[in-house]
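This briefing walks through one protein model, topic by topic. Please look over the sequence and the structure before reading the points below.

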Amino acid sequence: MSTRVISAVPTAWIRPPTMPGPVRFSLFVLGVHLLTLLPVAVPGLSVAQAVSGFLILSFIPGYLLVSYVLDEFTLTGFLYAVGFSVAFSMFVGSAANLLYLGLNTAVLPFEQPTTSILYVWASAMLSILVWTLTDPNDTQTFRVRFPDYDVRVLALLASVPAFAVTGATFINRYAFNELTLFAIVCIALVPVAVYAFDKRGTYYPIAIAAVSSALLLQNTVIMTYLGRGDGLGEYEYANAALQNGFWIPAGTFGSMPRIVTLQSAYSLLTDTSLLWVFKLAHPILFVTVPLITYVIAARYFSKDIAFLSATLYIFLPRTYQIISRNTRTGGAIMFTALLLLAILDTDLPTRLRQLFVLTFFVGVLMSHYGVSTLVVFALVVAYVANVLAAYLLDNKRSSDLSFRNVALFGVLFVVWYEYMTDGVYDFLVGAFFGQISGSLFFTQESTAVRSVQLATESTGGAFGMPSGSYEVMFVGHLLLGVFTSIGISLVYLRYFGHGIPYLLDIQRWIDRNVFPGLSDDVLEDSNYVHLAVGMFLFFPLSFGPQILSAGRTFALVMVIVAPLPVLVLRSMRFERIGSKPALGLLVAFLLVTSGFVSAAATHDVSPQPTIDGERIVESGSTQERFAYYRESMSRNSIVASNFMLAHMPDGATIQRTQQGKFTGEFYTGDRRANIGFTALDNSAESASGYVYLSEPDTVSGTNTRGHLGFVFYTYDPLPSYTGSNTVYTTGHDRVHFNAN
């Protein structure tokens, strides 16, 4: 990669006679956006504002930086430009909000036209800086290096997401789902056709973008509201910032700038509703992640394996169904992918590489506290493995992941979550690291085993599979873990085989039978193999409901390990007909593990599990009961809540557990008691005051004291309260009172 020297100082501080092309393009976009702010009615002005606003937030700042430092604009440069622009926009919005809170100015940061002027000014200053620093004697031009594409092929690939969105629209308006199911099968065949006919891999990135856009957008465009999941909480915080014009960081969700400042900026600059930011802006940005997977894999594997890896990454429902609506997780995974890309990209100038590594790591911190915890843990594992490999093995390239970088990451992690957010650091240390340490191995208490027990009816678990398609997906997920384990083991065998002399026979066998498409860089480059194993350690966390979440863990891990199962599948070949059986096996794997073959046959893709509530109440385990009551409200608890609102004295404080059920939405009486709640005290059963024990408490026999996430709690045995006066009871729900 040809680069300019980033540290060189121009000899003459005068304006160059010719404005650089990237600066000219950036100023044009900024000018168009300013024109759209004028109070005039012009057809197409809203479209121009949406496009120009999206470019200002997602492309312009990074494009200016990349164009100044590098001489060529490639796919990798484009990905860096998008990542840096999103991080830059997040930083600018957060800085403006911080200044408002500190100076208490009269101008609100999140209102128009203030927000647009702020971002236009920031990009304009960056444009002027790049123009000024450009050496007038530099005769080199910034070249855009992309292949010559056939317009007909591009149009065909562009029709794929349009087809998927059309199918989603048919579901919404006409309850017609056959078109979408057929579209998904067609989407699965797109990478097969490109793989079979594109011998040079020219259209691989375009095909990845088309397939990713189709899968992500058909899942988001279909929604008319955010009804469940983390997206609803993210929407509430961003909407509050838009309503108030500023943002006060608080809690876990509310401390992440990716949720608040960036969502608000996209809504204001593009002049679209916040719901459409979730439906369009976030999925479009997440398309960069499978492209990054392709670029990383292409450095260490063949282009064919890299292409199939990116396809596998985006096609599994754990990625495109869950992450497409979860913007903080998707943003954190995007920055993690860019961080891994920058760490592994030895072609970048040193200072630009350091800038990208720092920027993207801070982007992870400011997007999601859980993902950042995993990333720090994986980087520490990779660093330790690198040090051991350098000490024990010969002819291994020294690690680019230095102790200084790892120490800096640790300091930033502690400073951000301890001092810049509200109580997040204690939550992370107390819950996340405790669960990580107890969940990486397959024991009876590990996260994977507990999740499988909760999710499978055959083991007597709380949740039966909601449909045949979801059961197929669950089995496919297990198979993917098996293939990935085999793949990473084989990569390490080759890595060790080229460093330990007495394993030459194993080395030759692997070279001949397993790795015809593996780059020689894996033999010497310690960075990739150790980063891959550092991330792969979290694969067991991706099996079910726990604090680190199946969807986000799976999508995070597969960014770098996606080539490994493909490597195993592609290595399966018959001598006479080559790799055709492997290709067929991969296609079948994509279709079957995604569950859409059975879905097309049964028309049943319901995500709601089958719950045997009666069995759980009568004989279920404590964990099953937590899972059951976490998502359900019994009629007894509703009646008990109505009783307390009708008959409790005003100002009464009632003790209850963490999972205790109380709702006032169904109360219709004239008198409504003003009551408050506090945590149930286990120290004395005869403590004065009121105690409310709801059905989840009495059925499970526990005093849930803390919520670790999803269906996991910390708890103590529930006191009997035999010496207390029973004010109210329905059998499972009780209200006790002690006068002393």
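Predicted model: local features only at pLDDT ≥ 70, side-chain atom pairs only at ≥ 80, totals over all residues.

Asp 271 lies in the loop that connects helix H10 (257–270) to helix H11 (274–286).

**Asp 271 and the backbone**

- Most residues other than glycine have a negative phi, and most peptide bonds are trans.
- Asp 271 is not a glycine, yet its phi is positive, at about 55 degrees.
- With a relative accessible area of 52%, Asp 271 is exposed, because the cut-off for that class is over 50%.
- The peptide bond between Gln 112 and Pro 113 is cis, with an omega of about 5 degrees.
- Pro 113 sits in the loop between H4 and helix H5 (114–133).

**The protein as a whole**

- The protein has 32 helices and 11 strands.
- It has 740 residues, and 54% of them count as buried.
- Its accessible surface is about 31600 Å², and carbon and sulfur atoms account for 61% of that surface.
- Among contacts in the protein with a separation of 6 or more, 75% are between residues 24 or more positions apart.

**Helix H4 with helix H3**

- Two packed helices are described by the angle between their axes and the distance between the axes.
- Helix H3 (residues 60–69) packs against helix H4 (residues 75–103) at an angle of about 130 degrees, and their axes are 6 Å apart.
- H3 is therefore oblique to H4, because this angle falls between the range for roughly perpendicular, 65 to 115 degrees, and the range for roughly antiparallel, over 145.
- The crossing of H3 and H4 is right-handed.
- On the H3 side, the contact is made by Ile 60, Pro 61, Gly 62, Tyr 63, Leu 65 and Val 66.
- On the H4 side, Gly 77, Tyr 80, Ala 81, Phe 84, Ser 85 and Phe 88 take part.
- The residues of this contact of H3 with H4 comprise nine nonpolar, three polar and no charged.

**Helix H4 with helix H15**

- H4 also packs with helix H15 (residues 327–344), at an angle of about 130 degrees and with the axes 11 Å apart.
- H4 and H15 are therefore oblique to each other.
- H4 and H15 form a left-handed crossing.
- From H4, the residues that meet H15 are Thr 76, Leu 79, Tyr 80, Gly 83, Val 86, Ala 87 and Met 90.
- Their partners in H15 are Met 334, Phe 335, Leu 338, Leu 341 and Ala 342.
- By type, the contact of H4 with H15 has 10 nonpolar residues, two polar and no charged.

**Helix H4 with helix H12**

- The axes of H4 and helix H12 (residues 288–300) cross at roughly 140 degrees and come within 11 Å.
- This angle makes H4 oblique to H12.
- H4 and H12 have a left-handed crossing.
- Leu 75, Thr 76, Leu 79 and Val 82 of H4 meet Thr 288, Leu 291, Ile 292, Tyr 294 and Val 295 of H12.

- Leu 118 is in helix H5 and counts as partly exposed, at 23% relative accessibility.
- Leaving out residues up to four places away in sequence, Leu 118 touches Val 92 and Ala 96.
- Leu 118 and Val 92 are 26 residues apart along the chain, and their C-alpha atoms are separated by 8.3 Å.
- Val 482 is in helix H21 (residues 468–497).
- The relative accessibility of Val 482 is 44%, so Val 482 counts as partly exposed.
- Val 482 and Pro 565 are 83 residues apart in sequence, with 8.2 Å between them in space, C-alpha to C-alpha.
- Arg 508 is in helix H22 (residues 504–513) and counts as partly exposed, at 45% relative accessibility.
- Arg 508 and Arg 494 are 14 residues apart along the chain, and 9.0 Å separates their C-alpha atoms.

How values were computed:
Residues numbered from 1 in each chain as written. Heavy atoms only, no water. Helix = DSSP H or I, 4+ residues; strand = E, 2+ residues; numbered from the N terminus. Buried < 20%, exposed > 50% of the residue type's maximum accessible area, 1.4 Å probe, protein only. Contact = heavy atoms within 4.5 Å. Areas by Shrake-Rupley, 256 points an atom, 1.4 Å probe, with all protein chains shown as cover. Axes fitted to C-alpha atoms, helices over the stretch in contact; angles between N-to-C directions. Parallel < 35°, antiparallel > 145°, perpendicular 65-115°, else oblique. Left-handed = near helix turned anticlockwise from the far one by under 90°. Nonpolar A, V, L, I, M, F, W, Y, C, P; charged D, E, K, R; others polar.
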